[in-house]
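Welcome, and please take a moment to look over the sequence and the model below. We will then walk through them together, one part at a time.

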Amino acid sequence: MSTVVTAALACLVVSTAVVSCTDSATTAEEPSAEQMLDNANGTMKALKSVTIDGDTTMTAGGGYSSHLTTDLKGRCASKTTWVTGASLEQVRIGGTDYVRPNRAYLKQWSGRYMTGVKGQSRWIKAPSSRAHAGDGLAECTREFTSFGVAKKGEPTKVNGTPAIPLVITDEADKGGSYTFYVATGSKPYILKAVYKSPELHSTTSFSAFDKPLDVRPPAKADVLDAGDIGR
């Protein structure tokens, strides 16, 4: 019996076991864009630490950059810098915030020029419960949730790491689009997220996955307690 006939009979015998005989090999089905996004968000949620760098440019002018190192729970350190030169540093440890604005930040938000002070090196200590949206302070936590409709783009690289871009459109966001770059290695980390809209362009990069976190409070000599100010 010829080899070809033998192979054909073998395929017929095992066909009930759902074995593919096309070229004597099996092919695994690739995950959909939605599955890739879900897997990536699950991987990011499970991290014990991550560094997040952001850069936002406003169409009307202005913008800011940010750097955040966090355990995604209650311990993190961040710095936000505006194109005006204003900057705000923050260390959050549990229920306590340590905040240090520079002189440009104080001038920008108070409208008054500071005299007699060469620099601003003091940190202000306050309960993190006082923080609220819009005050420039960062949250250590971050939501990694899937939304909208995902579509795969062409394979690319982010800082040398192979990745697949997932373009997300969301009906709730008129005119805006998101692109998440998901690593195709052993773990599907989100390497970068880009948001574009008529109002702004924002790029967020993720790195230092599960690296040791070294976030400590400032030296006591450099800290002013917010409760003591004005007494």
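Which residues of the largest nonpolar core touch the most other members? They are M44, L166, F206 and F209, in a core of 31 residues. A nonpolar core here is a set of buried Ala, Val, Leu, Ile, Met, Phe, Trp, Tyr and Cys residues joined through side-chain atoms within 4.5 Å. Buried means under 20% relative accessible area, exposed means over 50%, and partly exposed lies in between (1.4 Å probe, protein chains only).

Before going further, a word on what you are looking at. This is a predicted model, in which local features need pLDDT of at least 70, side-chain atom pairs count only at pLDDT 80 or more, and totals for chains, interfaces and linings use all residues. Residues are numbered from 1 along each chain as its sequence is written, and side-chain values use heavy atoms, with hydrogens and water left out. The pLDDT is the predictor's confidence in each residue, from 0 to 100. Its mean for the protein is 85, and 81% of the residues reach 70 or more. Residues 1–27 have a pLDDT below 50, and this stretch has six contacts in the model beyond near neighbours in sequence. Residues 112–118 are also below 50, with seven such contacts. Contact means heavy atoms within 4.5 Å.

The elements giving it two or more residues are α2 (33–45), β1 (50–58), β9 (161–169), β10 (177–183) and β11 (190–196). Helices (H or I, at least four residues) and strands (E, at least two) are DSSP runs, numbered from the N terminus. With five residues, α2 supplies the largest share of this core. A second, separate core has five residues, among them W82, L88, V99 and Y105.

Now follow α2 itself. Its 13 residues should span 18 Å at 1.5 Å a residue, and its end C-alpha atoms are 18 Å apart, which agrees; the expected span is 1.5 Å times one less than the number of residues. The buried residues of α2 are A33, M36, L37, A40, N41, T43 and M44. Seen down the helix axis, they fall within an arc of 160°, so they line one face of α2. That arc is the one made by the directions from the helix axis to the C-beta atoms. The cover over these buried residues includes β7 (149–152), β9, β10, β11 and β12.

F209 sits in the loop between β12 and β13 (223–225). With a relative accessible area of 17%, F209 is buried. Its contacts, again leaving aside neighbours within four places, include M44, V50 and L191. F209 and L191 are 18 residues apart in sequence, yet their C-alpha atoms are 9.9 Å apart.

Finally, look at β1, which has two antiparallel partners. Strand β2 (residues 63–70) pairs with β1 over eight bridges, and V50 has T70 in β2 as its bridge partner. Strands count as paired if DSSP finds at least two bridges between them. In the hairpin of β1 and β2, with four residues between the strands, G61 takes a positive phi near 115°. Eight bridges also join β1 to β12 (residues 200–207), where D55 has T203 as its bridge partner.
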